[in-house]
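Here is a brief report on a structure. It covers a chain contact, a core and a sheet.

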Amino acid sequence: MFMFEKAVVGGRRYWVWVLCLLTVMGAALLAYLRQLNVGLAITGLSRDVSWGLYIAQFTFMVGVAASAVMVVLPYYLHDFKAFGRITILGEFLAIAAVTMCMLFIFVDMGQPMRVLNVMLYPTPSSMMFWDMMSLGGYLMLNAVIALVTLSAERKRMAPPRWIRPVIVLSIPWAVSIHTVTAFLYNGLPGRSFWLTAILAPRFLASAFAAGPALLILLCLVMRRLTRFDAGRAPVQKLAVIVTYAMLLNVFFILLELFTALYSGIPEHVEHFEYLFLGLHGQASLAPWMWTSSVLAVVSLVLLLVPSMRRREPVLAATCAMVFASLWIDKGLGLIVGGFVPSPVGAVTRYVPSLPEVLIVLGIWALGFLMVTVFYKITLSVREEVAAS
Amino acid sequence: MSISRRSFLGAAGLSALALAGKAALNARAQEPKPEPASADSGTRWALVIDPRKCLEAGDCTKCLDACHRAHNVPAINDRAHEVKWIWKERFEDAFPSLQTDYPPDALHDKPVMVLCNHCDNPPCVRVCPTQATWKRHDGIVMMDWHRCIGCRYCVAACPYGSRSFNWSDPRPSIARVNPEFPTRTKGVVEKCTLCEERLAKGERPACVEACPAKALVFGNLVDPDSEVRLLLRSRFTIRRKAELGTRPAIYYIV
């Protein structure tokens, strides 16, 4: 069934890794049971900062999910053959990322057992309804595409013809999931930090940098740990994609800064002030934001210099920097920064609690487990095909 | 290609299930919202608040106490997790766009009562993914605490900070439970409902009733002879963040 039998055979290293992930997931489950019992009071969230790490992680992972399009589009629309071997890796990464997104939303809910009310009372005026629809659709699309193409590969046949329109549909769909996610925030009248038309393009740019950066890292890790070698060409091509996307992302952030700071409108300036300098003595996010900025600039320079980008150890470090920089920017600053100062000017400190961090780590562990299992299945199928 | 009996029956069964599911979904979606007896286009409830009158009463918290007692609002001391339906906010914080370097003594740094604005164009209603909050024909922005999934999208959408989330079980923090009104569970959002339960009985909101200074005036905006309309005609009033287009129904005399 779904070739899962290939995931239960593995060496010692494989099982130790899986066991580590399961341990983190177990700890997270305990923390979540406590949250279910006590309520969201066990998190660092508050009246003023009512969304935090959970929703921020969700936002970041939507980007990682959407970035599958960066391997799918060149391969299927431009017949860029070098991506042939890694396209399915991008799709499996998307499946894991969307699953994580859904879980991040789920753990953020005060009444999770009522989650199906969203389906029972469909509300087109709510962007959250559309987000759920687009994420669910994207998960389905990628699951079908990955399964069908991998099964075909296993049987050494060309994939059925009907899958091509499905794949083509997944391309605009990927753009839609991150656009709708931006719409969650940028249609709110009282939240000036998010009230910017460039939020969706910015989300997409950062997604198309962070996702492929992760994919490069995964390819390099697999070359080291498994018999699978993605090859040099696709990795270098992905590096070019990361370069362009990161360039756009930094450009978009500078546009935001110019608009806010040059206009000088307090409610636009204050959020950036809080994030980078601190407001009313609260500056807990400033070290993070500066780290993110420095990482962004350094990684961009390394990406832009071809001789640096072509050296794989440098590229690996650069990709890690890109990923970390964007994780801080989107997985931390973007959501919290929108809530401080509050609509009545309150500056509230937000520090995620230990159970909150554990739950987040648990969902990440699940994501890693899914990627591990999916990639293992893919590699086993390929080895089987190569051997026969 | 031939269709086996087995696959035909399977497909037929699935189709029937899908149709039944859709019908059930439609029925639920069209379920009418509960409306009060008085609800028609001839009613639009509003409040006119006179902060100066309120200040004359000193450190009075009668409206707040009456409201929170009547509605089983928990008294949580932790600022991060507090739940409140009506409360005092610094004038400058309630009206951030009215900043002046030379504020009048009468209002500068002084508290003013704030609550849900029962907007005509409420962002909270627009964003709610389950229609657990909605606008009634008489203008009240209502909440269904049994439908709310606790996603706090409305909390993010409200430009007034008028919505409170139950971060934990509120019941231990209610000193004396009013058996006439429901308590809430953890994980749902709540806020002022303009005492719709009292309006249904022909009574005025509890805060209005409790105010000794008559600083809170309640009435129907549609009725040109109502007390609120009289005040709005004779006094200069402002609304919180009117520039956002939310069209609040709570007016302040300045």
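How many residues of chain A are in contact with residues of chain B?

## Chain contact

32 residues of chain A are in contact with 43 residues of chain B. Contact means C-beta atoms, placed from the backbone, within 7 Å. On the side of chain A that touches chain B, α5 (117–120) and α6 (127–154) each supply at least two residues. That side has 17 nonpolar, 12 polar and 3 charged residues. Here Ala, Val, Leu, Ile, Met, Phe, Trp, Tyr, Cys and Pro count as nonpolar, Asp, Glu, Lys and Arg as charged, and the others, Gly among them, as polar.

This is a predicted model: local features need pLDDT of at least 70, side-chain atom pairs count only at pLDDT 80 or more, and totals for chains, interfaces and linings use all residues. Residues are numbered from 1 along each chain as its sequence is written, while chains are lettered from A and ligands numbered from 1 in the order in which they are written.

## Nonpolar core

The largest nonpolar core holds 182 residues. Such a core joins buried Ala, Val, Leu, Ile, Met, Phe, Trp, Tyr and Cys residues through C-beta atoms within 7 Å; buried means 20 or more other C-beta atoms within 10 Å of a residue's own. A:Ala65, A:Cys101, A:Phe104 and A:Val242 touch the most other members. Helix α4 (residues 87–108) of chain A gives the most, 15 residues. Helices (H or I, at least four residues) and strands (E, at least two) are DSSP runs, numbered from the N terminus.

## Sheet in chain B

4 strands of chain B form an open, mixed sheet, ordered β8-β1-β10-β9. Strands pair if DSSP finds at least two bridges between them. β8 (216–220) and β9 (237–238) of chain B each have a single partner strand, so one side of each lacks a neighbour in the sheet. β9(B) pairs with β10 (residues 250–253) of chain B in the antiparallel sense, over 2 bridges.

Technical notes. A residue is buried if 20 or more other C-beta atoms lie within 10 Å of its own, exposed if 12 or fewer, and partly exposed in between; C-beta atoms are placed from the backbone. Two residues are in contact if their C-beta atoms, placed from the backbone, lie within 7 Å.
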